[in-house]
Amino acid sequence: MSMDSDPPFHKAYKSFFDKTIINKAVPSPTSSGSTSNYPLLVEECDLPLIDLSLLDLGDEAEIDNCKSQIARASQEWGFFQVVNHGISSELLEKMRSEQKKVFSQPFDMKSQENKYLNFSAGSYRWGTPTATCLRQVAWSEAFHIPLSNISGSDGLNTLSSTMEQFAAKVSNLAQKLAEILAEKLGQKSTFFQENCLSSTCFLRMNRYPPCPIPSEVFGLMPHTDSDFLTILHQDQVGGLQLVKDDTWIAVKPNPEALIINIGDLFQAWSNDVYKSVEHRVVTNMEVERFSTAYFFCPSYETVIESCCEPSVYRKFSFGEYRQQVQDDVKNFGFKVGLPKFLL
Ligand code: OGA
Ligand code: NI
């Protein structure tokens with residue numbers, strides 16, 4: 001990666017660097033609670049690992065067992081990994097190499113609207129425009145791409161055709177998982193087939209450049225996802241952390257697995273049965289990290305209503321939810337999320 005492909009973090013956040021007293025004290029391992037200032041010290045763990053081949057090859061008991069594992073992990077962790085997920089390693093590798101190519105372009109090229117990449121306006125993002133200190137800066141860059149845009153983009157471009165193939169496969173997986181999660185709530189639902197179309201979902205390609213002070217700066221700030229569920233393909237560098245039982249834990253990368261996490265919409269739809277769990281990305285000084293996230297979303301008009309009574313949240317449209325999140329970020333500097341919709 002050439003130097004001029006990195007976003008100008010140092011220049012943009014120079015005043016924060018100047019103000020920050022870099023903490024060189026060696027923290028004790030016991031300080032790694034959810035309030036820890038030392039995200040690099042959190043313990044690594046294995047997420048629940050679920051073999052999806054059982055859904056196709058298993059007998060009835062095995063199929064049901066697999067579905068129960070998916071539902072249980074979504075309740076207890078809000079996060080799990082799947083293997084034998086039906087997306088070939090060739091396609092995953094192709095997606096990754098195309099992603100690397102895009103990010104390796106000069107920063108000026110990436111940040112210039114669409115000139116070369118053919119993405120919609122504002123799809124390239126880096127850092128945190130609203131940050132007031134280093135702790136609020138996301139040391140990462142991303143292309144956030146509405147899937148409705150991909151097929152419309154230059155079909156001869158290998159990146160867009162790879163993204164299209166990737167999205168098609170991943171969206172099948174998302175539909176399958178959503179249906180299982182609905183079924184386990186006692187809902188035989190066509191809701192997801194009807195409302196979460198590939199044209200309403202998003203792909204996000206992330207790059208986390210090496211960071212000179214990883215103990216002070218996140219790759220991605222703690223957040224929950226504002227979708228039904230997210231499918232993440234990460235490389236082997238590591239850095240993803242999530243909250244489990246009020247403690248931050250680090251996810252150990254598994255080259256065969258995709259990571260699934262429940263988003264806010266599924267938590268609301270399931271009436272708090274499935275958990276949309278806070279997660280973040282930590283940086284490191286040595287190597288860049290790549291990940292690709294697929295956000296399984298409905299159209300903006302879709303109304304999210306809990307599947308059972310008494311409901312914890314009032315019903316809201318996805319558009320309303322997005323707007324609320326944006327307003328909160330603007331007014332408070334952070335996303336409030338579901339608590340705004342409590343009844
Ligand atoms: C996200 C996200 C995690 C990662 O894009 O919402 O949580 O590992 N990404 O990049
Ligand atoms: Ni996320």
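In this predicted model, Arg72 is found in helix 4, which spans residues 60-76, and the residue is partly exposed, with a relative accessible area of 43%. Although Arg72 and Tyr274 are 202 residues apart in sequence, their C-alpha atoms are 8.5 Å apart in space.

A metal site was examined next. The nickel ion (ligand 2) is coordinated at 2.1 to 2.2 Å by His223 through NE2, by Asp225 through OD and by His279 through NE2, and the spacing of these donor residues along the sequence is H-x1-D-x53-H. Asp225 belongs to the loop between strand 7 (218-223) and strand 8 (229-234), whereas His279 belongs to strand 12 (residues 279-282), so this pair ties together parts of the chain that are 54 residues apart in sequence. Asp225 counts as buried because its relative accessibility is 5%, where buried means under 20%, and His279 is likewise buried, with a relative accessible area of 6%.

The packing of two helices was also described. Helix 5 (residues 89-103) and helix 7 (residues 158-183) pack at an angle of about 140°, and their axes are 10 Å apart; this angle makes helix 5 oblique to helix 7. The crossing of helix 5 past helix 7 is left-handed. On the side of helix 5, the contact involves Leu91, Leu92, Lys94, Met95, Glu98, Lys101 and Val102, which meet Thr158, Leu159, Thr162, Met163, Gln165, Phe166 and Lys169 in helix 7. Sorted by class, the residues in this contact of helix 5 with helix 7 comprise seven nonpolar, three polar and four charged ones.

Note on methods:
Residues are numbered from 1 along each chain as its sequence is written. Chains are lettered from A and ligands numbered from 1 in the order in which they are written. This is a predicted model: local features need pLDDT of at least 70, side-chain atom pairs count only at pLDDT 80 or more; totals for chains, interfaces and linings use all residues. Side-chain values use heavy atoms; hydrogens and water are left out. Donors are N, O and S atoms within 2.8 Å of the metal (3.2 Å for Na, K and Ca); water is not among the atoms, so sites may look incomplete. Helices (H or I, at least four residues) and strands (E, at least two) are DSSP runs, numbered from the N terminus. Buried means under 20% relative accessible area, exposed over 50%, partly exposed in between (1.4 Å probe, protein chains only). Axes are lines fitted to C-alpha atoms, for helices over the stretch in contact, and angles run from 0 to 180 degrees between N-to-C directions. Angles under 35 degrees count as roughly parallel, over 145 as roughly antiparallel, 65 to 115 as roughly perpendicular and the rest as oblique. A crossing is left-handed if the near helix is turned anticlockwise from the far one by less than a right angle, and right-handed if clockwise. Contact means heavy atoms within 4.5 Å. Ala, Val, Leu, Ile, Met, Phe, Trp, Tyr, Cys and Pro count as nonpolar, Asp, Glu, Lys and Arg as charged, and the others, Gly among them, as polar.
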